[in-house]
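Here's a friendly tour for anyone meeting this structure for the first time. Take a look at it, and then we'll walk through a few places together.

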Amino acid sequence: MKHYTSIHDIDDINSWIADAKALKQAPLQDVTLGKDKTIGLLFFNSSLRTRLSTQKAALNLGMNPIVMNVSGDAWGIEFGDGTVMDGNTAEHIKEAAAVVSQYCDIIAVRAFPTLTDKTKDESEQVLKSFVTYASVPIVNMESATGHPLQGLTDALTISEHAKVAKPKVVLSWAPHVKTLPHAVANSFVQAMQKMDVEFVITHPEGYDLNPEITGNTPIIYNQEEAFANADFVYTKNWCSYSDYGKILSEDPNWMITKEKLGDAKFMHCLPVRRNVVVEDAVLDSDSSLVIQQANNRTYAAQLVLKKLLENL
Ligand code: CP
């Protein structure tokens, strides 16, 4: 594996999950692998979990992490090819990526979508530009359309907590006050499609994800029907894909409640808005796996970095 930019970079999810579990048992087992290696974490957007867990993963491998908030702290980066740079951008990605590649053995990038320009977002201009112009491996720390470190984490968490051989997993949309990306939902769908689970998606009409990603996964527009006999309910808000970037519904009836959840485990990537997306009674109960998920971010990232280091 040269880069980790998508769930599709996982060749065998079951072996990756087994490897991540082994790292979790002994996190310092490869503490010399990354000696004298540097990872640069470049954030165009905010983060708590990704920023800290990826640094922790790097430290567990003996790497030196350096972190930069690109938006605000760096020169404005131009991504357009052939642009006359007489506007607000001061440095081209061709130079920026080449320069950072001299300081870092791996570069990780977080760059959210515009949610106003679907074509631009789906082109993954920022992530793909780093892949093109950097000379070192690139890790996707959440891009316009995917969050594969989160997707791998979620697969690991479901594997750890499954009580039956083939659990039923439901991805449920929930209301939110802001327009949010599809990245987490997309990568979760792709991860579940690789696993041996009964997987369904539920959301109000108008919120279908990219059909090229959902493929043959069943979509049920009735949340109660979808939740029947669920073992895991993974919740996430996303904006409309067909009416791109729009909030079509804030229907509070889609909020996750203890009553709706029943015996299922609740999952969410965090951050989560209490009593908008999910009620306190769920998050404050043993049904919630959100803290365990966040812990697993370290081991998912550590596995990815380990594989990249072994391939340097
Ligand atoms: N789940 C997740 O990616 O969290 P952060 O946005 O805080 O990194």
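## Around the ligand

Let's begin at the ligand, where a polar side-chain atom of Ser47 sits 2.6 Å from one of the ligand's oxygen atoms. Arg49 also brings a polar side-chain atom to a ligand oxygen, at 2.9 Å. With Cys269 it's the backbone that takes part: one of its polar atoms is 3.0 Å from a nitrogen atom of the ligand. (A polar contact here is a pair of N or O atoms within 3.5 Å; within protein, one must be able to donate a hydrogen and the other to accept it, and residues adjacent in sequence count only if both atoms are side-chain atoms.)

Which residues surround the ligand? They are Ser47, Leu48, Arg49, Thr50, Arg110, His147, Gln150, Cys269, Leu270 and Arg297, where being near means having a heavy atom within 4 Å.

## A word on the model

Keep in mind that this is a predicted model: local features need pLDDT of at least 70, side-chain atom pairs count only at pLDDT 80 or more, and totals for chains, interfaces and linings use all residues. Residues are numbered from 1 along each chain as its sequence is written, and side-chain values use heavy atoms, with hydrogens and water left out.

## Two domains

The protein chain is assigned domain 1 (7–146 + 296–310) and domain 2 (148–293), with bounds from an automatic or database domain assignment. Their contact (heavy atoms within 4.5 Å) draws 32 residues from domain 1 and 33 residues from domain 2. The C-alpha centres of domain 1 and domain 2 are 25 Å apart.

About 2800 Å² is buried between domain 1 and domain 2, and carbon and sulfur atoms give 65% of that. Buried area means the accessible area (1.4 Å probe) that two parts lose on being put together, summed over both. On the domain 1 side, Ile7, Leu115 and Asn296 lose the most area to domain 2, together 26% of what that side buries.

## Links across and along the chain

How many salt bridges cross the interface of domain 1 and domain 2? The rule, a side-chain nitrogen of Lys or Arg within 4 Å of a carboxyl oxygen of Asp or Glu, finds one there. The interface also has 14 residue pairs in polar contact, both at pLDDT 80 or more.

Searching the whole structure turns up eight salt bridges. One joins the side chains of Asp30 and Lys306, at 3.2 Å from N to O. These two are 276 residues apart, with Asp30 in the loop between α1 and β1 (38–43) and Lys306 in helix α13. Helices (H or I, at least four residues) and strands (E, at least two) are DSSP runs, numbered from the N terminus.

## Two backbone details

Leu270 and Pro271 are joined by a cis peptide bond, with omega near 0°. Pro271 belongs to the loop between β11 (265–267) and α12 (280–283).

Leu115 has a phi near 60°, a positive value in a residue other than glycine. You'll find Leu115 in the loop between β5 (106–110) and α5.
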